[in-house]
Amino acid sequence: MISETAAYVIVYVVLAACSCVAVSAGYFVFQVLRKDSSGNDGDKSGADFWYSARGTQGPVSLGLSFFSSAMGGWVLFSAPEVGALSGWWGIIGYALASSLPFVLFMWLGPIIRRRFTGGFCLTDWVRQRFGRPLQLYVSLVTVFYMWVYMVAELTSIGNLVRDLSGLSPLNALLPVSLITMLYTGLSGLPGSIWTDRLQGVIMVIFIIVTIIACFGGLHIAEGKWGEVATWSDKGFESLVTLILAVVGAELFNMGSWQRVYAAESVAALRKGCALGAVLIFLTMFLFGLSGMLAEAQDRSRPESTLVIKALAFFDLLTTQNAGIQGLVFALAVCMVASTVDSLQTGLISVLSKDILGTTLTQVQSLIVGQLFLVAVNVPAIIMASESTKDPALGWNIINLFLVADLIALSIAMPIFMGMVPMMTQNGAFAGCFAGLLMIMGFGWVEFGTFVAGLEMFTLMAFGNIKPLEYGLGASRTCIIFVLLPIVTGVVTYVVSWMERVAEKFSVNDGTAEKAALAVGQQDVTV
């Protein structure tokens, strides 16, 4: 345990450091805005810089930004939990799942940048490719995913400050949310990326120190490590589920797509993605390993005390001194702040193109973005505060993520198949709708009720029906995540193919009709 005073000091010192860096970025944003205001009144490059930081970031900056914005406070809970429950397969699966999206960005990012050069995030390309209706649906899904992500982050820091210091969760989640919102509102995406650099360096140092400390002095009885370090079928199911879930969802994290456009060049983007992927993989692997070690140590005790597996890492932390515990809490604040400010700018990016396309002035455009920032933060704070009151919900972060991942994966294949010219708007819509029907139908068939079909969207982790297996631990979850991209992809392809065939016949019929009319006119002339 750390003292209440120490907890207060850690929260506000970390946030103050981030704010100072963001204010520095805000100064440059202000200079760009002032320069533009003195020139062409129709030029909105200053507001564009606030929303996108377009073409300004090198590989190291991008790599640290990808790393720190992806590694939120959830890592301290979810990665050790997977390690404790799923063994080696789970650890490798979660590490691969968390890093693979950035490997894909190395390929997808340049393509999207080239096809929609003036965009801010993926949804801008979706509008160009499939039209406004599908863009709105994809935007709703991405906002839902990022909002759930933000709630999970605020919940985790609230739970941490309560359990490590005894303070009310609001004493951490409120300042983290409000201060990140203030400096993000001031400096936009440039401020978020600048703070990511600082947070990324701090996180690397703190992770190394805490892992070394927690991995020392363990008491594991002979044979107990072998019971935990397994390659089980359940673990393999977790690997498959996590890779599909996390990769599918992270492709719709607009904070990451903003950084694709912020890269100064394609080469910088690819190097930044590679650096971020390596740091993420190592971090996830180490924290997953801590879960396995905690589980092996717990099995070595006369009586088990590790009841909630999400707290596996903190089980190792109980034997550490207050200094290490304070360092871990500072790491958590840093991780949550870096993720939350990136999610805040990512949420704004969904509206960026439309806001700057209006007749609003630069200042008015910024105010609209800031108001939207407030609008998404307030309900997130309320939801996170309520989640900290319910231990079953508050610590069930991984299943909370899986709910959002499931919805995001249902649109992944239909949207990214749009890179192939043959795919149509109706085909993509049909694929997305087929994904929702498949999820609901799976629950309805298995449990026999329509309500069960609706509850399947939570993977039975939240709701009135309580099966023995649910969430990540259920075999049905792996089956659904495997079937979802197959079903949505096949439906998208078939409907698009049928449309293209119908178009071809329509063209041929039109040509034949014109030919017949021409022949008829010749006969009349004769």
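User: In which helix is T210 found?

Analyst: Two conventions come first: this is a predicted model, in which local features need pLDDT of at least 70 and side-chain atom pairs count only at pLDDT 80 or more, while totals for chains, interfaces and linings use all residues. Residues are numbered from 1 along each chain as its sequence is written, and side-chain values use heavy atoms, with hydrogens and water left out. Helices (H or I, at least four residues) and strands (E, at least two) are DSSP runs, numbered from the N terminus. T210 belongs to helix 7, which spans residues 170-215.

User: Is T210 buried or exposed?

Analyst: Buried means under 20% relative accessible area, exposed over 50%, and partly exposed in between (1.4 Å probe, protein chains only). T210 has 0% relative accessibility and therefore counts as buried. Contact means heavy atoms within 4.5 Å; leaving aside residues up to four places away in sequence, T210 touches L327, V328 and L331.

User: Which residues does P80 touch, not counting residues up to four places away in sequence?

Analyst: P80 lies in helix 4 and, at 0% relative accessibility, also counts as buried. With those sequence neighbours excluded, P80 touches V75, F287, G288, S290, G291, K309, A312 and F313. The C-alpha atoms of P80 and M284 are separated by 8.7 Å, although these residues are 204 apart along the chain.

User: How is the packing of two helices described?

Analyst: Two packed helices are described by the angle between their axes and the distance between the axes. Axes are lines fitted to C-alpha atoms, for helices over the stretch in contact, and angles run from 0 to 180 degrees between N-to-C directions. Here, the axes of helix 4 (residues 75-115) and helix 10 (residues 254-262) come within 10 Å and cross at roughly 60°. That makes helix 4 oblique to helix 10; angles under 35 degrees count as roughly parallel, over 145 as roughly antiparallel, 65 to 115 as roughly perpendicular and the rest as oblique.

User: Which residues make the contact?

Analyst: Helix 4 contributes F102, F105, L108, G109, I112 and R113, and helix 10 contributes S256, W257, V260 and Y261.

User: How many helices and strands are there in the chain, and how much of the chain is buried?

Analyst: The chain has 19 helices and zero strands. Buried residues make up 56% of its 526 residues.
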